[in-house]
Amino acid sequence: MVSANDLPYSVLVEFYEKIESTSSRLAMTDYLVSLFKRTPVDVLDKVIYLTQGQLRPDYEGVELGVAEKLTLRAISKATGVPVKNVEELYKKVGDPGVVAEQLLSRPKQAAGLLGFIGEEGTKRELTVSQVYNALMKIALASGEGSQDTKINTLASLLSDAKPKEAKYIVRTVTGRLRLGIADMTILDALAVAFTGSKAARDILERAYTKRPDLGFIAKELASKGIDTVKSIKIEVGIPILPMLAERLSDPAEIIEKLGGQCLVEYKYDGERVQAHRKGDKVWLFSRRLENITHHYPDVVSYMTSLKAEEFIVEGEIVAYNPDTGEMLPFQELMHRRRKYDVDKAMKEYPVRVYLFDVIYLNGEEMIEKPLPERRKVLESIVPEGSDDVLLSMAKLVDNPKDLLLFFEEAISEGCEGVMCKSVSAQSVYQMGARGWLWIKFKRDYRMEMTDTVDLVVVGAFHGRGKRAGTYGALLMAAYDPGSDTFKTVCKVGTGFTDEDLANLPKLLEPYRIPHRHPRVVSRIEADVWFVPAVVLEIIGAEITLSPLHTCALGKIEAESGLAIRFPRFTGRYRFDKKPEQATTEAELIEMYKSQRKTVLQQ
Ligand code: ATP
């Protein structure tokens, strides 16, 4: 007998079959509505998770995904069919669910070795709770003996299952139950099932952006009603759906769209993070709401340095070169996604966090406040002078020219572009929505630098950490024969071997002077200045416009010079070259233009 608080699993299976055979979205919603109406509230959440092929909301990270090999062994154990034969059948039909279904449909003389299979009639009727609990046991089994636990639990579940039930259990457990029901369709169906019409859909969707847990919302709705759902609050420890940006590529259009002015911020090339803190406990969630806390123990500790006990903030985690301070491209962060040796990865690939929004602070939701107010709140909780957790670089602009300048500065600093954000009274934090309050402005082309250049060392910056006592980065310049000056194009800190680094101070010592050399034109203040003498071969990712450097300043764009992005020392000291034989400003302008041409032709 199935208790009144539970649902026969066969009802869910019937529903799965109907869904699989329909191509109409409307029918899909109707089937869901009738399923929800039939489902006792106690198991409504389980029914919803199972329908999505999962056991808990995504952000809790409870993963099923049992390997096919293990599943086939469990099928063998439940049916008594040798593993070899099960595997053969699998090779033929390609779906472990169908394998389970077929093998369990065989006449009963093939009864399981373990005696699991009795007469069809003596099988207990499987309920949603039983299936769910068994799957949960399988998902949570870890460590020594977990394989056996998984196999045995699955085998025992299958031996209680009817063939069709087995098919869907196996598909669920292997992550192959793909009914393709969108979260939004489930919200539609919930609205109809429990309020009688789709009118309540907006309230449900709003609740979902604050708490992306359909099982929870469904249960609240079914047991307490729509008003309770309306009052669902943001909770620390549960991620909200992040705000998304529209895209434009014309600064004038952006300014106009944002009402004449906007806050323009560096668009960092890292990983978006939603950081939650309550006292000593910190959670980090990715853009897709996965819990990524364990990948970033350093970010966890940065968060405890913020001047508030309870908050949700948003920012970008960016990898950087500890010796030079330069930001590194996104790919470098992927090393931090390693499962093992997080501590080692943390040391080798240090990160910083640039915060750009606050969603919740000390019991209060911030999302309805306009951006300038949120930014002020954020400023008040970020510790001053920290190198690890900083505010995103931002500037209020009201004309396309300033926007473009800021954009170029962002690019030359290793960013992807800029985010332009509304500062109007309506500039709320739009959870889960892609709207025009945020507009991203990225370069839509990439200009590859194909050739190396020879640049002159004109200054240097002290190294830190591993590079204490030597230089962290060198300030490099191109030669301009017209004015007989050296104009800066990049800071280079990458590509040096330990030996190079150890020798640099000695090599450069003879040229060291207490001030900028008169033939050097620079907008950057170096820690140490040199007489232009030593030439190094450098390669970069591309040449970009930059307001920070003086090479070609005003020659392509009024306020911009040229910069080499992600520059690297190739290892070749060009002692054979005099500084006046270094790459010239004119050559760099040519390289920039031809790069651009190639890109525009692409
Ligand atoms: P989208 O998030 O728009 O779907 P996407 O994931 O490809 O697209 P992008 O197009 O690169 O992301 O642009 C948005 C992302 O930019 C954000 O998700 C965030 O990670 C990143 N970002 C970097 N700096 C900022 C900033 N200052 N403000 C907001 N987002 C920023």
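I began with helix α9, whose buried residues pack against α1 (9–20), α3, α4 (68–79), α6 (96–104), α7 (128–140) and α8 (146–160). Contact here means heavy atoms within 4.5 Å. Helices (H or I, at least four residues) and strands (E, at least two) are DSSP runs numbered from the N terminus.

The model is predicted: local features need pLDDT of at least 70, side-chain atom pairs count only at pLDDT 80 or more, and totals for chains, interfaces and linings use all residues. Residues are numbered from 1 along each chain as its sequence is written, and side-chain values use heavy atoms, with hydrogens and water left out.

**Entry: α9.** I looked up how covered α9 (residues 163–173) is, and ten of its eleven residues are buried. Buried means under 20% relative accessible area, exposed over 50%, partly exposed in between (1.4 Å probe, protein chains only). The buried residues include P163, E165, K167 and R171. G175 follows α9 and has a positive phi, near 75 degrees.

**Entry: largest pocket.** I read its volume as about 1,200 Å³. Of its 42 lining residues, D58, Y59, G61, E63 and E290 are closest to the centre. A pocket, on a 1 Å grid over the protein atoms alone, is an open set of points where a 1.4 Å probe fits, with protein on both sides within 12 Å along at least five of seven lines; lining residues have an atom within 4 Å of a point. Volume is the space filled by probe spheres set on the points, which are joined across faces, edges and corners. Helices α3 (41–51) and α10 (183–195) each supply at least two lining residues. The largest pocket lies between domain 1 (9–51 + 182–230) and domain 3 (244–442), because both give residues to its lining. Domain bounds come from an automatic or database domain assignment.

**Entry: second largest pocket.** I found about 860 Å³ of space here. G325, E326, M327, E413 and K491 are closest to its centre, among 39 lining residues. Strands β6 (351–361), β8 (389–391), β14 (485–492) and β20 (561–565) each supply at least two of the lining residues. Domain 3 (244–442) and domain 4 (453–601) each give at least three.

**Entry: cysteines.** I counted zero disulfides, a disulfide being a pair of cysteine sulfur atoms within 2.5 Å. C420 is buried, at 0% relative accessibility. For C490, the closest cysteine sulfur is in C551, 9.8 Å away, also too far for a bond. C490 is buried at 1%.
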